[in-house]
Amino acid sequence: MKVLVPVKRVVDANVKVRVNADNTSIDTANLKMAINPFCEIAVEEAVRLKEAGSASEVIVMSIGPKASQEQLRTALALGADRAIHILTDEDLVPLSVAKLIHAVQKKEQVDLVILGKQSIDSDNNQTGQMLAAIGKMPQATFASEIKMNADQLTVTREVDGGLQTLMLPLPAVVTADLRLNEPRYAKLPNIMKAKRKPLETLTPADFDVTLKSHQTVLKVTPPAERSAGVMVSSVEELVEKLKNEAKVI
Amino acid sequence: MAILVLAEHDNASLKLDTAKVVACGQAIGGDIDVLVIGHNCNDAVSSAQQLNGVRKVLVADAAVYANGLAENTADVVTDVAADYEHVLAAASSHGKDVLPRVAALLDVNQLSEVIAVVSSDTFVRPIYAGSALATVQSLDDKKVMTVRSSAFDAVASDGSAELVTLTQEVAPQVEFISQSLTVSERPELGNASVIVSGGRAMGNSENFGILEQLADKLGGALGASRAAVDAGFVPNDLQVGQTGKIVAPDLYIAVGISGAIQHLAGMKDSKVIVAINKDPEAPIFQVADYGLEADLFEAVPQLLELL
């Protein structure tokens, strides 16, 4: 069974971002970039499936600018076998990303696609579900546990009220939630080895996929700031303020 | 122009989220119909019929829809969506599971977590964990969007919408194995007017007991930071944050939570925020209306006594 893991290059989760001067986007110049944390969890899970003998090959892919290859190398250092980079400087919407992932899945005859449940930049939480729809595949989103028996995939999902467990036939799509696993740190020898692993570069035009324009971002603005609060010196003062000033208790 | 709202329910009852998404529909403007997909969901249906401003309630009731699985739910929504310009669902785990699938089947993109309506094709949604707000114009012929319910006030239940029964049945692609839902007497996080949340500093799950007492005393819900959930102190469904629940109660009390941006993304629209933390540098104090620098194991019992 081949496993495909799409990964996204995003601003590192620990960086505080700011809106740019002309309110059109986030100012990403010179910010530390990283593999989207949920994508990293997806890579880790795929590598564990291979280590357990359930997967034969782990392919990672990324759609984005040339620099996305850094994140593909990171994924290779974590244990993926090879990488596919679809080079584009366009900021594609999730539907277009899902169409390209589906094209790669068909070409590579992949049975299981594991994605992060959302990217921490655009916060869309759409791509996996869309990929499943395009490929008419079953989906298990927000996974906290994956078990593989023969051709049956059992996935536990984090839902609003608790946990839900589903069994899916392959091919299938799984999106990774935070508690699926804790990704390993890449060891130096593996980082060196990753540099020699195959990385193929393609463009959206190499696939028989029609991408459309779906939306325009009119402006990007900072959220309203909360006005500064006060420090209280005691629990008594806190209770007094909540009762008489805020009137919430 | 008509708007379809996918109902959020657990068969037994309609979730308040639905009334909030209907409010978003009213802000867009147009005839609003609610679609209930489930099994033995009569009570949810009659609650939906009472929602203010709803024209029709469409019902697909069959055993195959009992568990709200994304595949067949999305197929039904996509069929019904032919007659609508807007398709809305709550940005709940169910809405997030189903609606992108619907969007892809309709060959349109989705707008996620809409918090404000600018016009019938332009909406505001947070990006980067709420560090920025994007105003986005959809160019698609159908607008498919999940709605952040905490950003809208629920419509009243004084209506009487017409009932329409749908007959198509779509088989699921996956097999439902089991579900373990947290049983709690407390209000749900999304509906609570008071939330008491604990972080890593709680130390263990037993210590959450004092926060449960505090929540019960205030008639509120219990929440947690990701750190507390990851450490296994409380179940995952209590997580408040960028990737957990987004809440905006009247009063949010953060206890032993440092205030990572991912947590703030889930609660900074609360009306009044109280932070109790022994680290004066904790970023939670920057969003708190009332900050108390104190050891939570002394402050919370004191608070319990005084309330």
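**View 1. Salt bridges across the interface of chain B and chain A.** In this predicted model, the rule finds five salt bridges across the interface of chain B and chain A. In one salt bridge, the side chain of B:Asp289 meets that of A:Arg226, with a distance of 2.7 Å from N to O.

**View 2. Polar contacts and the side of chain B that touches chain A.** Across the interface of chain B and chain A, 49 residue pairs are found in polar contact, both residues having pLDDT of 80 or more. On the side of chain B that touches chain A, helix H4 (residues 93-105) of chain B gives the most, with eight residues. The residues of this side of chain B comprise 37 nonpolar, 25 polar and 19 charged.

**View 3. Extent of the interface.** The size of an interface is often expressed as the accessible area lost when the parts come together. Here chain B and chain A bury about 6,600 Å² between them, and 54% of that area lies on carbon and sulfur atoms. Three residues, B:Asn109, B:Tyr128 and B:Tyr290, supply 12% of the area that chain B buries against chain A, which is more than any other three residues. In terms of residues, 81 of chain B are in contact with 76 of chain A.

**View 4. Strand pairing between the two chains.** Strand S12 (residues 215-221) of chain A pairs with strand S8 (residues 132-138) of chain B. The pairing is in the antiparallel sense and extends over six bridges. Within S8 of chain B, B:Val136 is the bridge partner of A:Val217.

Notes
Residues numbered from 1 in each chain as written. Chains lettered and ligands numbered in written order. Predicted model: local features only at pLDDT ≥ 70, side-chain atom pairs only at ≥ 80, totals over all residues. Heavy atoms only, no water. Contact = heavy atoms within 4.5 Å. Buried area = accessible area lost by both parts, 1.4 Å probe. Salt bridge = Lys/Arg side-chain N within 4 Å of Asp/Glu carboxyl O. Polar contact = N/O pair within 3.5 Å; in protein donor to acceptor, adjacent residues only side chain to side chain. Helix = DSSP H or I, 4+ residues; strand = E, 2+ residues; numbered from the N terminus. Nonpolar A, V, L, I, M, F, W, Y, C, P; charged D, E, K, R; others polar. Pairing = 2+ DSSP bridges.
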